Amino acid sequence: MAAARPLTAVERILARTSGAASVRPGDIVVCAADRAVLLETLFMPNSLNWRDPLVVAAPERALIVFDHAVPAPSAAEAGAMTRARAFAERFGIEKVDVGGHGISHQIVAERGLARPGELLLCSDSHTCASGAFNCAARGVGGLELLQVVCTGGTWFVVQPTIRVELSGALPVGCEGKDAFLALAARFGSADNCNLEFTGPGVTGLSLHDRRTIATQCAEVNAEFVLFPCDDVVRNTLAALGVHEGGRPGGFTPAVADPGAEYAATWALDLSTVVPQVATPGAVVGNVIAAADAGNVQLDQCFVGSCANGHLEDFAVAAALLRGRHVATGTRLIVTPASQQVFLDAVRAGYVAEIMAAGGVVTPSTCGACFGYHMGVLGDGETCLTASTRNFKGRMGSPDAQVWLGSTRTVVASAIAGRIVDPRTVDAAAGASAAGASAAGQGARVT
Amino acid sequence: MIVEGRAWVFGDDINSDLLYPQAAFGLPLDEAIGYVFRANRPGWVDLVQPGDVIVGGRNFGMGSARTAGALLRRLGIAACTADSFASLFFRNGINTGLPVLACPGVTAVVEEGQRVRLDLGTGLVRNLDTGAEAQGARLPAELLETLTGGGVLASLERRGLIAPPAR
Ligand code: SF4
């Protein structure tokens with residue numbers, strides 16, 4: 001009798017949700033989603049992806065989140081939200097409306113809806129963000145999401161999985177974004193492979209950094225992205241009242257079987273990472289050290305998005321800006337990933353510090369990340385962003401240049417007016433920190 | 001399923017924001033199609049003819065989940081082949097009824113303006129002008145069925161899960 005094929009953690013989730021005893025790369029499986037997250041963009045006028053369903057397979061497993069353009073910048077988005085509210089009402093689907101809103105990947109994290117071992121689908125390509133919680137999450141087309149809403153599931157081709165073996169710890173001045181950029185620089189594109197993070201280096205990474213890394217893996221064309229479920233994840237979920245245990249209610253982490261087959265191993269010693277930036281256009285093939293960027297003058301610096309609009313990003317920005325000012329001729333825009341992050345950042349004093357330094361803090365929205373509102377770039381402008389993507393035209397004009405870097409690199413560069421290695425500003429800030437911290441803000445900069 | 005048409009050849013890493021820029025969001029389909037490739041190939045939408053085929057390099061369609069397949073179909077694109085596809089674009093192709101055929105090496109055997117034949121059932125791409133061929137991945141029967149059935153909307157409609165379009 002043949003022994004059961006050992007499965008990777010991603011394969012485990014695809015097998016469970018498709019009801020298959022085993023799966024292997026190349027198989028097509030039809031999986032039942034544990035959670036479907038719908039965005040207001042689906043309901044836009046002239047939507048190519050939406051026709052109101054007559055049947056909703058599992059309304060209790062669906063969630064509608066308003067996130068891409070909030071509050072509505074024009075009548076079109078307002079109309080989309082009206083349609084979405086009516087749909088939610090009709091089928092009894094929970095919605096996250098203006099006021100409690102946030103970027104969907106942040107909302108599911110805050111509410112404990114990204115759960116270990118589960119399958120979460122959403123019509124946004126950075127849905128892999130929830131992989132930080134050991135949740136197989138990915139973006140699907142809007143049409144597929146409609147299919148998920150109607151039928152409960154959709155198909156996947158089981159893809160090969162790459163093991164990402166992390167060791168060491170990130171040096172001071174480096175963030176999850178730098179670790180991701182270092183991976184992309186060293187290994188390039190994952191080309192439709194799943195990525196499973198493992199190794200002793202994961203333990204020392206904060207959930208914040210893991211979430212940045214998981215989110216960014218969309219930029220190396222990964223399919224599912226999975227971090228292990230460890231105590232960091234367990235404790236975070238436990239604080240939200242979500243516990244491990246048998247279904248329903250409790251989660252079962254996805255763990256790779258011993259001897260599972262991986263297509264490749266990417267090994268990275270985090271202690272070798274330096275602050276990095278990606279030059280405009282894409283991430284793969286474009287990563288350089290921030291110190292080597294040359295004299296890149298900046299019109300705009302942006303901190304925000306699902307990858308880096310977290311409270312930790314506000315803490316970093318506030319600490320760097322304390323006693324300093326954004327350079328003349330450069331604007332700094334900071335957008336929280338949710339109303340909750342915004343509120344926490346206000347209470348911690350971060351918002352006041354950013355504003356006192358000449359930064360603009362906007363309400364929570366995807367906004368400038370996808371060049372829609374709240375910080376759109378004009379012709380010929382140059383931006384350094386801590387958001388997710390640096391495609392041509394991504395943040396507005398196709399003639400604008402978008403560079404990508406960590407929150408620290410973006411804020412330090414906003415102070416300098418050009419791209420710099422943040423450690424140069426950190427060091428200078430350290431010298432004056434003793435005096436400035438008399439204000440007692442105590443930002444947590446780790 | 002066999003498709004023949006004149007080729008438009010694109011390089012590597014053609015991304016979703018070039019295919020479907022955010023400026024086109026919310027516009028009626030016939031206006032939205034005017035934005036396709038505006039940033040990287042302005043004027044292309046006026047040259048493309050119904051029945052034409054797109055031949056892309058590696059990672060065609062990388063990036064967002066935007067339903068670019070629907071715009072390409074409306075422009076009359078009969079099929080899309082590429083050295084490799086980003087999976088979201090590939091999925092959106094099937095789901096919008098745009099034939100997609102992943103074919104490593106296809107850009108090496110096709111130049112712009114040449115006529116090509118795509119056999120989605122066998123995965124073979126043939127340059128009808130030069131006779132050169134490249135072997136791609138055949139589309140599994142399940143996906144071919146969704147594709148020939150007109151994509152997801154048509155399928156959901158047939159199953160009574162969504163209403164037919166108004167009017
Ligand atoms: S913040 Fe940017 S990357 Fe994240 S969901 Fe919104 S548009 Fe997508």
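**Close-up 1. An aromatic cluster in chain A of the predicted model.** In this predicted model, A:Phe43, A:Trp50, A:Phe87 and A:Phe91 are linked by ring pairs into a cluster. Over all chains, the count of aromatic pairs comes to 19.

**Close-up 2. The stacked rings of B:Phe85 and B:Phe89.** The ring centres of B:Phe85 and B:Phe89 lie 5.7 Å apart and their planes stand at 15°, so the pair is classed as stacked, the limit for that class being under 30 degrees. Both partners are shielded: B:Phe85 counts as buried at 5% relative accessibility, and B:Phe89 is likewise buried, with a relative accessible area of 4%.

**Close-up 3. The contact between chain A and chain B.** The contact draws 44 residues from chain A and 46 residues from chain B, and the two chains bury about 3,500 Å² between them, with 58% of that area on carbon and sulfur atoms. On the side of chain A, A:Leu48, A:Arg51 and A:Trp155 together supply 21% of the area that this chain buries against chain B, which is more than any other three residues supply.

**Close-up 4. Polar and charged links across the interface of chains A and B.** Between chain A and chain B there are 4 salt bridges, and one of them joins A:Arg51 to B:Glu157, with the closest N and O atoms 2.8 Å apart. Across this interface, 19 residue pairs are in polar contact, counting those with both residues at pLDDT 80 or more. On the side of chain A that touches chain B, β6 (136-139), α4 (142-151) and β7 (153-157) of chain A each supply at least two residues, and α4(A) gives the most, with 6 residues. The residues on that side of chain A comprise 19 nonpolar, 16 polar and 9 charged.

Close-up 5. Over all chains, the count of salt bridges comes to 27. Because A:Arg90 lies in helix α2 (residues 75-91) of chain A, whereas A:Asp52 lies in the loop between β2 (35-39) and β3 (62-65) of chain A, the pair ties together parts that are 38 residues apart in sequence. A:Asp52 is partly exposed, with a relative accessible area of 26%.

**Close-up 6. The buried salt-bridge partners A:Glu219 and A:Arg389.** The side chains of A:Glu219 and A:Arg389 meet in a salt bridge at 3.0 Å, N to O. This pair links distant parts of the chain, 170 residues apart, with A:Glu219 in the loop between α7 (207-216) and β10 (225-226) of chain A and A:Arg389 in the loop between β17 (382-385) and β18 (401-405) of chain A. Both A:Glu219 and A:Arg389 are buried. Elsewhere in chain A, the residues A:Arg85, A:Lys95 and A:Asp97 are joined into one network by salt bridges that share partners.

**Close-up 7. The two ends of helix α8 of chain A.** At the start of helix α8 (residues 231-239) of chain A, a side-chain oxygen of A:Asp230 reaches to within 3.1 Å of the backbone nitrogen of A:Val232. Just after α8(A), A:Gly241 takes a positive phi of about 80°.

Technical notes: Residues numbered from 1 in each chain as written. Chains lettered and ligands numbered in written order. Predicted model: local features only at pLDDT ≥ 70, side-chain atom pairs only at ≥ 80, totals over all residues. Heavy atoms only, no water. Contact = heavy atoms within 4.5 Å. Buried area = accessible area lost by both parts, 1.4 Å probe. Polar contact = N/O pair within 3.5 Å; in protein donor to acceptor, adjacent residues only side chain to side chain. Helix = DSSP H or I, 4+ residues; strand = E, 2+ residues; numbered from the N terminus. Nonpolar A, V, L, I, M, F, W, Y, C, P; charged D, E, K, R; others polar. Phe/Tyr/Trp six-rings, centres within 6.5 Å; stacked < 30°, edge-to-face > 60°. Buried < 20%, exposed > 50% of the residue type's maximum accessible area, 1.4 Å probe, protein only.
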